[in-house]
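Subject: Structure handover

Hello,

Here is the structure I promised you. Please open it and keep it beside this message. My notes follow below.

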Amino acid sequence: MNGILSSKISAQSLVDALAERIEAAIMSGDLQPGSKISEQALAASLGVSRGPLREAIRRLEGRKLLQRTPNIGVRVASLSPGDLYEVLQVREALEGLACGLAAKNMTDEELEALSELLDQHQQQKSVQEGTGYYQESKDFDFHFRIVKGSRNARLVQMLCEDLYYLLRVYRYKSSTKPGRAKQALREHKDIVAALMKRDPVEAERKMRLHIGNARVYVEEQMREAAARQEAAPVAPLRKPKTATTLSGKGGRAAALARR
């Protein structure tokens, strides 16, 4: 295996490290949606035993990043185009609501820290080059902080627990579209400006606009992927050889064989 999954795990909580490494591989596309996980191959690639790896896999199943099917095994979670479209619609509405509440409920210190977080994001080489916008999970995630800042426990559960990890995969994928990473950062700054003005209507509008733009990019990527699949060449069926299609010596040999 190449990339994120090719280097050995260093010391810390081994299960935590394994879960983080596999999650990052899913985020980056090293492990594609729908791909099957081989515990044996993955353990060898990461230089670990299968015990802690299995625990990390169970943890990622709980985050809905991996799916286990009886008699088949574990695969990277994937959403159908229809399911993804519905989830992104829900996210747009709920995060817009959360952002409006955050404009009223986040402290000045939290808003200042949010602005500083964007300064850190802006230093990412991938953002500067426009190749992607990767955010670490939880407190290093712009959206996570805003949802927590809404002070609404129901929204926090839905957006920071139930849907959080799976949505991060598609959020990152949308940021890899050429031009999207820098645009997303600008939109984040517009959201912070509305939050700092304590304007819940404008904050919700800016967040919904941001997520709507990301949804468009995801839909474009899905259409492009579907078009590539349709355009992939299909190997022609080989016509079976029979005595009637053979000529010359081959034909005479087939005829003799039937006698």
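Start at the hairpin of β2 and β3, where 3 residues lie between the strands and asparagine 71 takes a positive phi near 70°. Please keep in mind that this is a predicted model. Threonine 69 stands opposite glycine 73 in β3.

The sheet

Now widen the view to the sheet. It is open, has 3 strands in the order β1-β3-β2, and pairs them in the antiparallel sense. β1 and β2 (66–69) are at the edges with a single partner strand each, so one side of each has no neighbour in the sheet. Helix α3 packs on this sheet and touches β1, β2 and β3. The direction of α3 makes about 105° with that of β2.

The pairing of β1 with β3 (residues 73–76) is antiparallel and rests on 2 bridges. Look for isoleucine 37 there: valine 74 in β3 stands opposite.

The whole chain

The secondary structure of the protein chain comes to 12 helices and 3 strands. The chain has 259 residues, and buried residues make up 41% of them. Take the contacts between residues at least 6 apart in sequence: 73% of these join residues at least 24 apart.

Two helices with a buried face

Which residues of helix α2 (residues 39–46) are buried? They are Glu39, Leu42, Ala43, Ser45 and Leu46. Seen down the axis of α2, they fall within an arc of 165°, so they line one face of the helix. Gln40 and Ala44 are exposed on the other side of α2. The buried residues of α2 pack against α1 (14–28), β1 (36–37) and α3 (50–62). After α2 comes glycine 47, with a positive phi near 70°.

Helix α8 (residues 153–162) is the next one to look at. Its buried residues are Leu155, Val156, Leu159 and Cys160. Down the axis of α8, these fall within an arc of 100°, so they too line one face of their helix. Ala153 and Arg154 are exposed, on the face of α8 turned away from the buried side. What covers the buried residues of α8 includes α4 (81–105), α7 (142–149) and α9 (164–175).

A helix pair

Two packed helices are described by the angle between their axes and the distance between the axes. How do α5 (residues 108–122) and α10 (residues 180–196) cross, and at what angle? Their axes come within 10 Å and cross at roughly 165°. That makes α5 roughly antiparallel to α10, as angles over 145 degrees count as such. The crossing of α5 and α10 is left-handed.

The contact has these residues on each side:

- From α5: Leu111, Glu112, Leu114, Ser115, Leu118, His121 and Gln122.
- From α10: Leu185, His188, Lys189, Val192, Leu195 and Met196.

Single residues to check

Arginine 59 sits in helix α3. Is this residue buried, partly exposed or exposed? Arginine 59 has 29% relative accessibility, so it counts as partly exposed. Leaving aside neighbours within four places in sequence, arginine 59 is in contact with Val15, Asp16 and Ala19. Alanine 19 is 40 residues from arginine 59 in sequence, yet their C-alpha atoms are 7.1 Å apart in space.

Lysine 64 is in the loop between α3 and β2. Its phi is positive, about 70°, although lysine 64 is not a glycine. At 44% relative accessibility, lysine 64 counts as partly exposed.

Lysine 138 lies in the loop between α6 (125–129) and α7. Lysine 138 is not a glycine, and its phi is positive, near 60°. With a relative accessible area of 29%, lysine 138 is partly exposed.

Over to you.

Best wishes

Definitions and conventions. Residues are numbered from 1 along each chain as its sequence is written. This is a predicted model: local features need pLDDT of at least 70, side-chain atom pairs count only at pLDDT 80 or more; totals for chains, interfaces and linings use all residues. Side-chain values use heavy atoms; hydrogens and water are left out. Buried means under 20% relative accessible area, exposed over 50%, partly exposed in between (1.4 Å probe, protein chains only). Helices (H or I, at least four residues) and strands (E, at least two) are DSSP runs, numbered from the N terminus. The arc is that of the directions from the helix axis to the C-beta atoms. Contact means heavy atoms within 4.5 Å. Two strands pair if DSSP finds at least two bridges between them. Axes are lines fitted to C-alpha atoms, for helices over the stretch in contact, and angles run from 0 to 180 degrees between N-to-C directions. Angles under 35 degrees count as roughly parallel, over 145 as roughly antiparallel, 65 to 115 as roughly perpendicular and the rest as oblique. A crossing is left-handed if the near helix is turned anticlockwise from the far one by less than a right angle, and right-handed if clockwise.
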